[in-house]
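Have the viewer open and follow along.

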2 protein chains.
Amino acid sequence: MPYQAPVRDLDFLLNDMLGVERYANTLPGFADVSADLVRQVLEEGARFSDEVIAPLNKVGDQHGCKLDAGKVTTPPGWKEAYHQMVEAGWPALAADPDYGGQGMPSVLALAVGHMTAAASPAFSMYPGLTHGCYEALHANGSEEQKAKYLPKLASGEWGGTMNLTEPQCGTDLGLIRTKAVPNGDGSYSITGQKIWISSGEHDFTDNIIHLVLARIEGAPEGIKGISLFVVPKFIVNDDGSLGERNGVECAGLEHKMGIHGNATCVMAYENAKGWLVGTENKGMAAMFVMMNEARLGTGLQGLSIAAAAYQAAAEFAKERLQGRSLTGPKNPEGPADPIIVHPDVRRMLLEAKAIVEGGQAFILWTALQADMQRSPEEAQATKAKDYMALLTPVVKAYLTDRGFHAASLAMQVHGGSGYTEHYPASQYLRDARITMIYEGANGIQALDLVGRKLAANGGRAIMTWFSEIDAYVAERQGDGPLKPFIDGLASSKAKLQEATMWLMQNGMQNPDNAGAASTDYLHIFGLTALAYMWAQMAETAQARIDAGETDPYFAGKIATGRYFVERMLPDADAHLAKLRTGADVLMQMPAEAF
Amino acid sequence: MPYQAPVRDLDFLLNDMLGVERYANTLPGFADVSADLVRQVLEEGARFSDEVIAPLNKVGDQHGCKLDAGKVTTPPGWKEAYHQMVEAGWPALAADPDYGGQGMPSVLALAVGHMTAAASPAFSMYPGLTHGCYEALHANGSEEQKAKYLPKLASGEWGGTMNLTEPQCGTDLGLIRTKAVPNGDGSYSITGQKIWISSGEHDFTDNIIHLVLARIEGAPEGIKGISLFVVPKFIVNDDGSLGERNGVECAGLEHKMGIHGNATCVMAYENAKGWLVGTENKGMAAMFVMMNEARLGTGLQGLSIAAAAYQAAAEFAKERLQGRSLTGPKNPEGPADPIIVHPDVRRMLLEAKAIVEGGQAFILWTALQADMQRSPEEAQATKAKDYMALLTPVVKAYLTDRGFHAASLAMQVHGGSGYTEHYPASQYLRDARITMIYEGANGIQALDLVGRKLAANGGRAIMTWFSEIDAYVAERQGDGPLKPFIDGLASSKAKLQEATMWLMQNGMQNPDNAGAASTDYLHIFGLTALAYMWAQMAETAQARIDAGETDPYFAGKIATGRYFVERMLPDADAHLAKLRTGADVLMQMPAEAF
């Protein structure tokens with residue numbers, strides 16, 4: 001069975017746990033948001049995702065994209081599905097009404113994005129990159145640029161991309177060589193080669209708007225000489241019609257381990273006409289809007305693939321008959337028991353489920369912070385901005401790392417079947433692996449967290465985070481059924497605080513200590529974030545049970561949370577012990593000895 | 001650069017750490033074994049592996065195997081390389097001289113097998129399966145069968161396979177339906193379908209000898225009615241010439257995530273002529289010889305792929321220039337520093353290196369036990385047999401699980417490049433993933449360990465293992481440079497013992513507790529085994545340093561071991577904490593809630 005979107009789980013999170021309708025009078029975009037509207041959007045999104053997008057996923061993996069004389073052909077049926085998506089208005093869900101968008105909250109758009117990313121991650125990257133391009137232009141473009149590009153980017157009638165990487169520079173964008181020469185008419189002539197450009201060329205749309213990092217002639221060396229340009233595939237005339245073909249072409253497609261349905265392009269710019277976005281030499285700051293959006297999107301993608309992989313594994317485990325339960329037959333009339341009777345199979349499924357549902361809560365909670373950034377109440381807006389900065393690397397790296405782990409567990413549940421391309425487990429595993437790498441490899445996210453985000457504004461964000469958790473825990477002391485969740489959260493938060501102290505004491509004097517600790521620190525952070533989410537989910541479910549709810553869904557939620565607390569949280573101790581060993585054990589080895 | 005066989009590491013392990021020449025007078029097969037001979041075999045093996053096998057790996061991944069009208073064509077160049085291998089005598093290295101083998105120790109053959117498995121895992125499965133078939137017939141075949149089949153299996157002139165799985169049964173072989181009907185002339189008529197038969201059909205050899213599990217008409221239900229048959233592709237006449245084509249054919253090839261170069265076949269048996277191997281209805285016991293061999297071989301394969309993946313990642317990290325060291329430029333004349341200056345890149349490399357080198361030591365130490373099983377000294381032979389039974393599931397599951405993890409780290413070091421098929425990281429990751437699944441999925445290995453191996457002979461094997469480690473630790477108390485290794489080993493062993501006690505107290509009363517604890521238990525076991533190996537490697541290297549050796553190789557060995565102790569051993573605590581939570585958290589969830 002192809003992936004079925006998890007309406008129930010998202011409804012639980014948006015309406016029961018986050019209670020988004022309570023912001024109707026306080027946050028921009030929430031005016032029309034009610035529990036019913038949320039449910040309606042989820043149901044329509046699920047229908048579209050299940051019926052139109054999910055069937056594309058395997059065909060995309062098998063066919064991939066083809067390049068012929070600069071033209072990219074996407075897999076069979078993809079173009080038609082994309083047009084259906086645009087016609088249905090999905091890309092514009094959370095876009096600015098000034099540019100034709102529906103102005104709905106980010107948190108709702110993200111819930112829909114979760115469905116489509118799970119149904120087909122490679123397909124969802126086309127609208128995903130376009131939305132990132134929209135956001136970057138929305139934040140940094142001139143009024144003229146916004147008027148020219150945003151409406152068609154918002155609707156998805158045009159595609160959008162981000163062009164950063166070059167062969168000699170991935171992480172280190174200071175090494176960019178693509179050059180921009182002023183034409184004297186306000187435009188620039190862009191020349192250079194960009195690689196790994198997702199959705200760089202395709203047959204979905206009439207035009208593709210490239211955002212390109214390049215160096216203006218005579219600009220300073222390194223990162224301080226990088227500017228951002230908008231380079232349309234077809235020049236857009238002042239009346240909005242398409243003009244001449246620009247000097248940008250897809251010169252090659254990468255042969256990748258997964259996400260075959262998305263065209264990963266080598267883009268050749270040869271005197272392509274481009275226009276400066278924002279200020280000269282401040283391109284990195286402008287591009288960061290898109291990069292931060294893409295990082296959240298990548299965290300979402302890793303999580304979403306895990307969700308689909310888990311669903312397939314759970315289905316397989318309930319159907320596959322093999323062996324008998326250790327405590328006697330559970331399916332005595334059948335030739336064997338379904339493998340879900342085995343504790344170790346349940347361990348794998350529950351681990352994946354705890355990651356997926358904890359991750360769904362975490363990313364929606366974070367998306368709500370994105371909405372709160374626009375709060376008219378300054379304190380709320382500031383706190384939300386702090387959280388977004390602090391949590392973006394955690395969402396990106398932790399959810400993709402654990403998402404890949406969950407996809408691998410899902411394959412393991414399938415046994416040998418999972419390794420054949422007949423079942424979807426292999427595609428999920430192959431697709432998931434890229435999410436740990438692109439949009440800033442997970443090690444870079446960890447370094448961003450410990451090197452930049454912790455110290456920003458004198459540590460204000462992390463202190464706020466600690467205070468919020470402390471207050472949550474303090475209000476819930478007691479011996480009720482939630483005790484394991486509250487204790488687990490308090491204990492995990494204490495370890496995170498200890499790790500933070502260690503970093504303050506050791507990372508300043510020797511930056512290598514910060515680097516050596518970064519990944520373990522990020523994992524303790526991720527575990528604490530999920531502990532906070534699981535406490536809230538358990539509390540929400542328990543409240544329903546206490547109110548007489550008998551649907552086993554709520555007991556299942558608490559049982560999954562118990563798995564998280566008892567079987568995943570212990571990793572925080574191991575990460576803390578590793579973190580404390582510092583840099584010496586890593587740095588003492590001469591490079592030649594590797 | 002293609003994979004280069006690790007002669008230096010294997011020389012260190014075989015000659016320095018294990019000191020294999022000391023067994024020259026006590027173990028069969030070791031009479032001619034000297035340090036020089038070991039080095040010579042390693043060097044010749046490495047030359048063959050580097051020059052002939054390693055270049056096959058990528059072409060195998062890209063071309064895969066093709067099936068046309070029952071005939072399988074292997075990738076370009078593979079057949080020729082196989083013939084070179086047979087001519088050079090490599091398959092016969094450790095085979096019985098009575099059947100044309102060279103009678104060398106298993107430990108030496110395994111060292112050579114490590115090189116070839118790392119150079120091309122898919123290629124190495126052809127001789128690997130043949131050797132397993134040879135071993136099973138050697139242990140269980142009649143004198144006539146041995147005379148007929150063993151010489152050509154030993155030399156590799158014929159191929160061999162094992163046929164267990166059917167569509168309805170993978171792990172649960174009691175469900176086998178393939179039937180065997182006596183022909184009245186001592187032969188049987190075999191009919192049924194087998195799937196996932198590695199090397200099931202190919203163009204390397206004139207004949208392929210299939211070992212097939214089937215049910216003799218009227219045999220008891222389940223596992224007690226399974227017999228083992230030898231079914232040659234071409235009937236072998238009494239004079240050794242090939243007779244008629246038998247009723248067995250490759251009916252399909254699996255489309256897999258990796259190991260494309262190995263033909264994974266659907267085998268159709270239609271009244272194929274077969275001969276009973278060993279006793280009627282005792283086929284499982286006979287096949288276990290091959291399965292145990294295959295399990296060690298799979299552990300070796302997982303480890304070997306990790307070794308190759310690590311090597312490629314280390315090379316990449318030393319060459320790729322990107323960013324600057326956190327403590328100031330290390331390559332000030334260049335545009336950036338090599339990424340190996342970054343602590344987190346070193347963390348990934350050291351983790352993979354600690355797994356690979358610890359795993360090499362562990363599997364060679366275990367292979368030496370395999371040789372000691374044939375010791376004329378009864379106590380030594382009994383202990384070795386106990387260890388082989390106890391450690392086989394640990395070697396299989398721990399090395400493949402950590403091997404895949406290492407291959408994933410190796411991809412991560414490559415960044416985006418690693419996800420493209422231009423670099424070898426993707427193939428290593430895809431190839432490595434199957435090792436966690438086949439020859440008994442890792443969860444089955446964990447269950448075998450806690451359910452069968454621990455309790456066998458009143459727990460004799462595990463008690464001997466604990467005593468050996470206790471004695472090793474007791475003899476090495478003190479404050480010297482080895483203290484962290486000895487302390488780490490003692491502490492890990494104490495956790496393993498605690499976990500064993502927990503299992504004894506909780507697993508008996510509720511078998512689900514044993515199942516729930518099994519994977520965490522196996523990981524604590526694996527960590528303890530590697531801690532024991534790292535202590536021995538560190539001791540060996542330290543002795544060389546103390547003797548005035550200045551080659552940085554030895555200091556590098558100790559530095560890698562320190563990584564293991566400080567950054568990998570902490571996981572034992574987490575596994576112990578998880579293990580102690582028992583089955584309830586896994587079993588309370590109703591199947592419908594997954």
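**The second largest cavity and its surroundings**

The second largest cavity is lined by A:Y82, A:P91, A:P127, A:T130, A:H131, A:Y134, A:L153, A:A154 and A:G156. A cavity here is a set of points on a 1 Å grid over the protein atoms alone where a 1.4 Å probe fits but cannot get out, and lining residues have an atom within 4 Å of a point. This is a predicted model, in which local features need pLDDT of at least 70 and side-chain atom pairs count only at pLDDT 80 or more, while totals for chains, interfaces and linings use all residues. Residues are numbered from 1 along each chain as its sequence is written, chains are lettered from A and ligands numbered from 1 in the order in which they are written, and side-chain values use heavy atoms, with hydrogens and water left out.

- By class, the lining has six nonpolar, three polar and no charged residues (Ala, Val, Leu, Ile, Met, Phe, Trp, Tyr, Cys and Pro count as nonpolar, Asp, Glu, Lys and Arg as charged, and the others, Gly among them, as polar).
- The space in the second largest cavity is about 50 Å³, a volume being the space filled by probe spheres set on grid points joined across faces, edges and corners.
- The count of cavities of 30 Å³ or more is four.

**Domains in the record**

- UniProt, in an unreviewed entry, places "domain: Acyl-CoA dehydrogenase/oxidase N-terminal" at residues 46-157 of chain A; such annotations may be inferred rather than shown by experiment.
- Residues 46-157 of chain A are 66% helix and 5% strand, with the end C-alpha atoms 22 Å apart.

**Aromatic pairs**

- Over all chains there are 43 aromatic pairs (rings of Phe, Tyr and Trp, its six-membered ring, with centres within 6.5 Å; planes under 30 degrees apart are stacked, over 60 edge-to-face, the rest tilted).
- The rings of B:W78 and B:F123 are edge-to-face, because their centres are 5.5 Å apart and their planes at 75°.
- This pair links distant parts of the chain, 45 residues apart: B:W78 is in helix α4 (residues 78-88) and B:F123 in helix α6 (residues 121-140) of chain B.

Notes
On a 1 Å grid over the protein atoms alone, a cavity is a set of points where a 1.4 Å probe fits but cannot get out, and a pocket is an open set with protein on both sides within 12 Å along at least five of seven lines; lining residues have an atom within 4 Å of a point. Helices (H or I, at least four residues) and strands (E, at least two) are DSSP runs, numbered from the N terminus.
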